[in-house]
Amino acid sequence: MSGIAGHPAGRLTVLAEAAWPEPGDGAPPPVPGYVHSSFPPLVAAVAERCLTRAYGRRPAPGGERTAVVLVSAAGDRASAAHVRATVAAGGRPGPLFFFQSVPNSVAGHVAARWGLGGPVLCLAPTGDPRAEGTAEAELLLHDGDADRALLVLIEQAPADGGARDAGGQPGARAVAVLLGGGDAP
């Protein structure tokens, strides 16, 4: 049975997989309406890469309900730090930060661009992010809420962590895996 980065996929099949960065990647392309942080562009870029590997181009095949499951223990650290610093200095965060502060917004952006008709949800795991995300995807398929699930795992290291990705962002990395039922092609 296929797995996700060494983790069993249970009764699910890995249909496509992608990471950001992969060899040759720089910073992910910007996403209109999102500012200051690499979190939304990373989610959008890795999802685009994974879905392109599965479907070739947008939109996804009609009639298919694909859930988007975004998994991140810490969420968008850069946006949270910016809002915290702005408020602490007596300022007001711009209106985009209200929209951007909800991780579901970029997951919904991906779903809209690809015409995915399944649920969109975010998890903040307390254990193994891949295992918890896969378990949620399996539940969505088992309950009939979706036919497939796009699992997006993303973490940003604290800005003071020192590690940098290929785009110069502090330790930012994302993986996307398209999962289907065990009998899916």
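**Contacts along the chain.** I began with contacts in the protein chain whose separation is 6 or more, and 74% of them join residues 24 or more positions apart. I note here that the model is predicted.

**Confidence.** I looked up pLDDT next. The protein chain averages 79, and 75% of the residues score at least 70. Strand β4, residues 66-71, has the highest confidence at 94, while strand β1, residues 3-4, has the lowest at a mean of 36. I then listed stretches where pLDDT stays under 50. One is residues 1-9, for which the model has 23 contacts beyond four places in sequence. Another is residues 160-167, with 14 such contacts. Where pLDDT is low, the predicted coordinates should not be read in detail. I therefore leave the details of such stretches alone.

**Elements.** I counted five helices and seven strands in the protein chain. Along the sequence they run β-β-β-α-β-α-α-α-β-α-β-β.

**Burial and surface.** The protein chain has 185 residues, and 43% of them are buried. It exposes about 8700 Å², of which carbon and sulfur atoms supply 56%.

**Helix α4.** Which residues of helix α4 are buried? In this helix, residues 104-114, I found Ser105, Val106, Ala107, Val110, Ala111 and Trp114 buried. Gly115 follows α4, and its phi is positive, near 70 degrees.

**Cysteines.** How many disulfides does a search of the whole structure find? I got zero. A disulfide is a covalent bond between the sulfur atoms of two cysteines. I looked at the accessibility of two cysteines as well. Is Cys50 buried or exposed? Its relative accessible area is 0%, so Cys50 is buried. Cys122 has a relative accessible area of 27%.

Notes:
Residues are numbered from 1 along each chain as its sequence is written. This is a predicted model: local features need pLDDT of at least 70, side-chain atom pairs count only at pLDDT 80 or more; totals for chains, interfaces and linings use all residues. Side-chain values use heavy atoms; hydrogens and water are left out. Buried means under 20% relative accessible area, exposed over 50%, partly exposed in between (1.4 Å probe, protein chains only). Helices (H or I, at least four residues) and strands (E, at least two) are DSSP runs, numbered from the N terminus. pLDDT is the predictor's confidence in each residue, from 0 to 100. Contact means heavy atoms within 4.5 Å. Accessible areas come from the Shrake-Rupley method with a 1.4 Å probe; for residues, only the protein chains shown count as cover. A disulfide is a pair of cysteine sulfur atoms within 2.5 Å.
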